[in-house]
Amino acid sequence: MPQPHGALPNDIVEAAGYPPGAGRPRRAYDPRLTNEDLAPLEKQTWTSYNIFAFWMSDVHSVGGYVTAGSLFMLGLTTWQVFVALIVGICIVQVLANLVAKPSQIAGVPYPVISRASFGVLGANIPAIIRGLIAVAWYGVQTFLAAGSLSIVLLKVWPGLANIATDDTSFLGLSYLGYISFAILWVAQAAVFWRGMESIRKFIDFCGPAVYVVMVVLCGYMLWRAGFDIDLNLADHAVSGWAAVGAMCSAIALVVSYFSGPTLNFGDFSRYGSSYEAVKRGNFLGLPVNFTFFALLVVLTAAATVPVFGELITDPVHTVERIDTWTAVLLGGLTFVIATVGINIVANFISPAFDFSNVAPQRISWRMGGMIAAAGSVLLTPWNWYDNPEAIFWTLGMLGALIGPLYGILIADYYVVRQQRIVVDDLFTMEEDGEYHYVRGYNPAAVQTVVVTGVVAVLSVVVPKLSGVLPALPDYSFFVGAILSAALYVVLARRQGIGPSTSAAESTPISAGAA
C-alpha cells in the first residue's frame, strides 16, 4: 500500500520492526491528521514482559527514589510510607488499565485517541499540554541523572572539583553540571533517534540492571548498619487523624508522580498484542514490581541513619558517601542508565507523538522528541526541583494540569461513548465524521478543560500561598480528574453526544486485540 502524502520513511513504525507503511494509512485519511507514526498499527506484538519492563524503567529512577524518600518529610513512619506507596501504585494500575484500552483496540497513540473526545483538531489542546509537561519533566530527570554522572566523573578525575563549585556556576548550575547534563542530553537523543525497537531493548535492560544495584546497595547498607535500623525516619511525628491525612497526601503524591506516563500510556499500550497482555504487564510492573522497589527504598533509607548519621533519601548521595571507589563508579553509572531509561520512555516518546499530532506532515516523531529535548534546557530544571518543597510544588502542578485531561478521556470513552470508537473517523476532516464536532473542536471538552483546569491549578496555588487547606495541592490530580469527568458528561449529553452506531465501532486492528 502506498504511503500517504508526506509520510516519512525510516520512522518509528519501521524502527519497531515493521516495514514502511505498516501503520496502515488509508487513502481517505486526511494528510493534516495522518503520518506513518500516528496511523493505526496493523501488527501489535508487545508482550506482557515488554509492558512490565516499561513500568520497571519508569519506577526505577533517581526521581522515583527521591520522590518516595521525600514522603518521610510528611511525618510518617516507615510502615506508613510503605503502605502509602503500595496503595498509591495500585490506584495508578487501575488508572493505567482504563487509559490503555481505547489505544490498544484502535492501535493509535494518546493524541490520536484524544480526537474522540476533543475533536480531530481540538486534540491538539491536550497534546500540547501533555507535550509541554513532558518537556519540563524531561529536564528534571536529565538533571537528576546528571548529578549521578557528576559524582562518577569526580571519582575518575578529582581535578574536576575546581569546576563543580558554586563559584564556577552559571544560571544556578556548575560548569561540571552543564558538562554532565550535556553528555546525558546527547546520549538520550542518540537512543531515541534509533527508534522504538532500540528503545524497547534499552528499557528491557534498564529495569533489571538497576534492580541488581539497588539490591546490592540495600544489602551493603544493612550490613554496614549491623542490621540494626530504626524504621521511624520522620523528623517530626504525626498521629491520629493527622497521620491518616498525611498518608492520604502521600498516596495522592504517588499518583501525581505517575500521572504523566499514565495519561499517555496509550502511546505504549497500542503496541500490546491484546488488552489482557497489557493488563498483565501493568499488574507485574506496578503493584508487584513497586512493592519490592518500595521495600528497597525504605530499608536503604533507614540504614543511612546509623551508617552516616543522617537520613539520606537520594540514592546518588548514598552511593557518594560509600568509600569504595568501585561501588561509587558502578552505582553512579547504573542510576544514570536507569534515569535515562525512564526519561526516554516517559518524556521523549510522549512529546514525540504529541507534537507530531499538531502538524503530522511537518513534524515527524523524531522531530517532536527533539523539540522536547531542546525545550528542557531552556527551563533550567535544576533551579526548581532540588528540595522536598519543590518536589511537592512540581507534583501538585503536574497533577493539576493532567487531571482534567485524564478525566475527559475516560468519561468520554467509558461513559459517553460506552467503549465504542470509529477508528477511521479519527483521521478524517469530513463534516460527517464522528469526531468533527464544530469545525474539528468539541465544545464540551474545550469548555470542560478550561473550567476544571483553572480550578485544579488554583487548588495548588491558593493553598500554597495562603496556607489555607495546605494538604489540598496533593490532591490536584483527583480534583481535576473528578470535576472534569462529571462536567464533561453533563455538557456532552446536553450537546447530544452519545455512543457511535457505526459498523466500524471498536473493531480491533489485529487479530490479537481484545
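Arg-321 has a relative accessible area of 34%, so it is partly exposed. The model here is predicted. Its protein chain has 514 residues, and 61% of them count as buried. The secondary structure comes to 20 helices and two strands.

**Overall build**

- The protein chain exposes about 19,000 Å². Carbon and sulfur atoms supply 66% of that area.

**Nonpolar cores**

- The largest nonpolar core holds 139 residues. Phe-258, Phe-265, Leu-426 and Tyr-488 touch the most other members.
- Helix H13, residues 275–308, supplies the largest share of this core, with 13 residues.
- A second core is separate and has five residues. Among them are Phe-355, Ala-359, Ile-363 and Ala-372.
- Tyr-488 belongs to the largest core. Setting aside neighbours within four places in sequence, its contacts include Ser-117, Ile-408, Ala-411 and Asp-412.
- Tyr-488 is also in contact with Val-416, Asn-442, Ala-444, Ala-445, Thr-448 and Ile-497.

**Nonpolar surface patch**

- Helix H19, residues 443–466, gives the most to the patch, with six residues. Val-450 has its place in helix H19.

**Salt bridge of Arg-321 and Glu-310**

- Side chains of opposite charge can pair when their charged atoms come close.
- The structure holds five salt bridges. One of them joins Arg-321 and Glu-310, with the closest N and O atoms 2.7 Å apart.
- Arg-321 lies in helix H14, residues 315–321, and Glu-310 lies in the loop between H13 and H14, so the pair ties together parts that are 11 residues apart in sequence.
- Glu-310 has a relative accessible area of 39%, so this residue is partly exposed.

- Asp-412 and Arg-417 meet through their side chains in a salt bridge of 3.8 Å, N to O. Both Asp-412 and Arg-417 are buried.
- Arg-417 also forms a salt bridge with Glu-434, and here the closest N and O atoms are 2.8 Å apart.
- Glu-434 and Arg-417 are 17 residues apart, and their pair links distant parts of the chain. Each of the two sits in the loop between H18 and H19. Helix H18 covers 388–416.
- Arg-417 has a relative accessible area of 2%; the cut-off for buried is under 20%, so Arg-417 is buried.
- Glu-434 has a relative accessible area of 26%, so Glu-434 is partly exposed.
- Salt bridges that share partners join Asp-412, Arg-417 and Glu-434 into one network.

**Cysteines**

- The count of disulfides comes to zero.
- Cys-218 is at 4% relative accessibility, so Cys-218 counts as buried.
- Cys-248 is at 34% relative accessibility, so Cys-248 counts as partly exposed.

Key: Residues numbered from 1 in each chain as written. Predicted model: local features only at pLDDT ≥ 70, side-chain atom pairs only at ≥ 80, totals over all residues. Heavy atoms only, no water. Core = buried A, V, L, I, M, F, W, Y, C linked by side-chain atoms within 4.5 Å. Buried < 20%, exposed > 50% of the residue type's maximum accessible area, 1.4 Å probe, protein only. Helix = DSSP H or I, 4+ residues; strand = E, 2+ residues; numbered from the N terminus. Contact = heavy atoms within 4.5 Å. Disulfide = S-S within 2.5 Å. Areas by Shrake-Rupley, 256 points an atom, 1.4 Å probe, with all protein chains shown as cover. Salt bridge = Lys/Arg side-chain N within 4 Å of Asp/Glu carboxyl O.
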